[in-house]
Amino acid sequence: MPVFTTNLPSAAEEFPYQLQRTPPNGALVAVVSSTQLLGTYTHFINNRTIPCTKPRDCEPCEEGIQKRFHVYLTAIRTDTFEHFIFETTAAGADPFKNYLRMVSEIRACHFKASRPSGKQNGRIRIVCKQADLTKIRLPDPPNVARLMCHIWNVPYDPADAGPSISTEVAEALAKRSNAHPKPNGEDNSTGPLRLVQ
Ligand SMILES: [Zn+2]
């Protein structure tokens, strides 16, 4: 006899969340489920984004490969209810930082991410507003750092999760040289970041 249950196992517990970026066409509309804007430097090598491991040894850094700052959060799409990890650049995260200044909590931020130019690496436009929590209920916030380590296939160390990006740090990181969209790379909407160390 089958044993039925209404308590369905969570796929998210077993499978890594899918990583999604702002699409070139249309818009990604979602509600943030995580509690922090978490970011780290990354390198783009062999068509893949990998984490920069500075201040520890980092081979790409030693080879002079540029590093860029990426911001990660989890969110639920309002069209498919898919729970996913949203990746954006430091500059792409600006509207989230402005939202944080006013609302003080990134969780439950309803956002619409698009690229008005319709180009793959076009500038990102993110419009934020507060989600109506009387109509939706958000799941517990996932551990974004752990999920990203899973995606990158690197060991997760809670000490590496680091602090959430403070407004000041994020602003410093966003101070970048003039945006020059590059023909290669995945998401170059912000242009090269100038390292702030
Ligand atoms: Zn590095």
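This is a predicted model: local features need pLDDT of at least 70, side-chain atom pairs count only at pLDDT 80 or more; totals for chains, interfaces and linings use all residues.
**Overall make-up**

- The protein chain has five helices and eight strands, where helices (H or I, at least four residues) and strands (E, at least two) are DSSP runs numbered from the N terminus.
- Read from the N terminus, the elements follow the order α-β-β-β-β-α-β-β-α-β-β-α-α.
- Of the 197 residues of the protein chain, 30% count as buried; a residue is buried if 20 or more other C-beta atoms lie within 10 Å of its own, exposed if 12 or fewer, and partly exposed in between, with C-beta atoms placed from the backbone.
- Among contacts with a separation of 6 or more, 64% are between residues 24 or more positions apart, a contact being two residues whose C-beta atoms, placed from the backbone, lie within 7 Å.

**Strand pairing around β7**

- Strand β2 (residues 27-32) and strand β7 (residues 109-114) run antiparallel and are joined by five bridges; two strands pair if DSSP finds at least two bridges between them.
- β7 is also joined, by six bridges, to strand β8 (residues 125-130), and these two strands run antiparallel.

**The largest nonpolar core**

- The largest nonpolar core holds 32 residues, of which Leu73 and Phe96 touch the most other members; such a core is a set of buried Ala, Val, Leu, Ile, Met, Phe, Trp, Tyr and Cys residues joined through C-beta atoms within 7 Å.
- At least two residues of this core come from each of β2, β3 (38-45), β5 (68-77), β6 (83-89), α3, β7, β8 and α4 (144-152), and β5 gives the most, with five residues.
- Leaving aside residues up to four places away in sequence, Leu73 touches Val32, Ser34, Leu37, Leu38, Phe86, Ile106 and Val144.

**Helix α3**

- Phe96, Tyr99 and Leu100 are buried in helix α3 (residues 94-103).
- Seen down the axis of α3, the buried residues fall within an arc of 105° (taken over the directions from the helix axis to the C-beta atoms), so they line one face of the helix.
- Arg101 and Met102, on the other side of α3, are exposed.

Methods. Residues are numbered from 1 along each chain as its sequence is written.
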